[in-house]
Structures are given as C-alpha cells and as structure tokens.
Amino acid sequence: MNYLASSGQLRASLLRWSLFTVPLIVALGFLAGQVAGSGPGNPWFDALQKPAIYPPPAAFGIVWTILYVLMGVSFAMILSARGARGRGGAAAAFVVQLILNLAWSPTFFALHQITGAFWITVAMIVAIAITIVLFWRIRPVAGMLLLPYLAWVCFASVLTWQFLQLNPEADGAFGKASSVRVEI
C-alpha cells in the first residue's frame with residue numbers, strides 16, 4: 001500500500017482540525033445554554049421539583065465542557081481521515097446529533113417543553129449510537145471518545161423523564177414563574 005501522507009502530516013492535520021472543531025463545538029454548546037437561559041437562575045427551572053438523581057448544578061458545566069472537547073477531538077479525527085471510506089456519512093451523522101444536542105436546552109429551558117426535551121434525548125441516543133458506529137469504522141478511537149457522551153445523554157434522558165414525572169404541570173407552562181432570564 002502506498003501512503004499519501006506521512007504520520008507527521010496526519011498528526012498535523014488532526015491538530016489543525018482539532019484547533020477548529022474543539023473551540024467551535026464548545027462555543028456552540030455554551031451559546032445554546034446561554035441563549036436558552038439554562039440552569040439555576042432560570043425562574044421556571046428553579047420552581048421545578050428536582051429528581052433525587054439531580055447532580056449539583058456545577059457538575060453540568062464541567063461535564064458538558066469535557067464532553068464537548070471529546071466530541072471536538074473525535075470529529076477532528078474523522079475530518080482528518082481524508083479519503084477514508086464513509087467519512088462523509090460519519091460527518092453528516094455527527095452534525096445531525098450535534099443539532100439535536102443544541103436543540104435540547106432551548107426546548108427545555110426556553111420553551112418549557114419537558115416532553116419535547118425528553119424525546120430529543122431519545123433521538124440523541126439513537127443519533128449518537130449511529131455516529132459511534134460510523135466513527136468506529138473509520139477510526140476506532142474516534143468512536144470510543146464518544147462513549148462517555150452517550151452515557152451522559154442516557155443519564156440526561158432519565159433525568160428529563162424524572163423532571164416530567166415530578167412536574168407534569170410545568171410541561172409547556174408559561175405562567176408568571178416561567179420568564180427566562182438571559183444575561184448578555
């Protein structure tokens with residue numbers, strides 16, 4: 001087999017892609033959360049009864065930052081795999097699951113659609129699983145990097161379901177306690 005690029009060139013390509021994908025994905029995740037008014041400080045969310053498995057609020061920022069970094073590196077590994085069979089489909093699957101990911105915060109925190117947010121998490125689980133399989137075929141490590149993300153979204157799905165069970169009256173509610181605070 002003839003190689004088109006040296007291992008050094010491939011590492012440089014991965015680094016260049018990572019310098020683009022990691023900050024982009026972290027920023028998109030951060031912006032989606034900020035625009036939606038996610039987390040504590042949102043009057044509608046603060047009024048919700050919290051499930052017993054609800055982690056400390058600080059955990060979400062830490063976990064999501066780590067997951068977005070892993071997602072960015074994983075995506076960069078696929079983008080830098082020039083000429084790899086299935087690369088385009090794998091990249092498309094990643095974009096689909098990312099769009100679903102970015103839709104969750106506005107659906108839950110801004111639109112107060114707990115049921116809709118739950119179904120988004122279900123769709124995310126399917127989309128992430130497909131992405132992992134497609135990534136694994138190209139670069140197994142790229143697929144492995146998405147496994148913690150899949151695990152966290154499975155947890156988020158259970159958590160969202162529990163929010164719905166504890167707060168059925170809040171699903172879609174836009175009463176006086178449902179205002180959304182957005183800091184700029």
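Mentor: Leaving aside neighbours within four places in sequence, Ser18 is in contact with Pro23, Val73 and Ala76, where contact means heavy atoms within 4.5 Å. This is a predicted model, in which local features need pLDDT of at least 70 and side-chain atom pairs count only at pLDDT 80 or more, while totals for chains, interfaces and linings use all residues. Residues are numbered from 1 along each chain as its sequence is written, and side-chain values use heavy atoms, with hydrogens and water left out.

Ser18 belongs to helix α1, residues 7-36, helices being DSSP runs of H or I with at least four residues, numbered from the N terminus. Ser18 counts as buried because its relative accessibility is 13%, the limit for buried being under 20%, with exposed over 50% and partly exposed in between, for a 1.4 Å probe and protein chains only.

Ile120 sits in helix α5 and, not counting residues up to four places away in sequence, touches Leu100, Ala103, Trp104 and Thr107. Ile120 and Leu100 are 20 residues apart in sequence, with their C-alpha atoms 6.4 Å apart.

Ala103 also marks a kink of about 25 degrees in α4, shortly before the proline Pro106; the bend at a residue is the angle between axes fitted to the seven residues ending there and the seven starting there. After α4 comes His112, whose phi is positive, near 60 degrees.

Helices α1, α3 (57-79), α4, α5 (114-138) and α7 (147-166) each supply at least two residues of the lining of the largest pocket, and the largest share, 7 residues, comes from α7. A pocket here is an open set of points on a 1 Å grid over the protein atoms alone, with protein on both sides within 12 Å along at least five of seven lines, and lining residues have an atom within 4 Å of a point. The lining comprises 38 residues, of which Ser38, Phe60, Trp64, Ser105 and Phe109 lie nearest the centre of the pocket.

Definitions and conventions:
1 Å grid on protein atoms, 1.4 Å probe; cavity = no way out; pocket = protein on both sides within 12 Å on 5 of 7 lines; lining within 4 Å.
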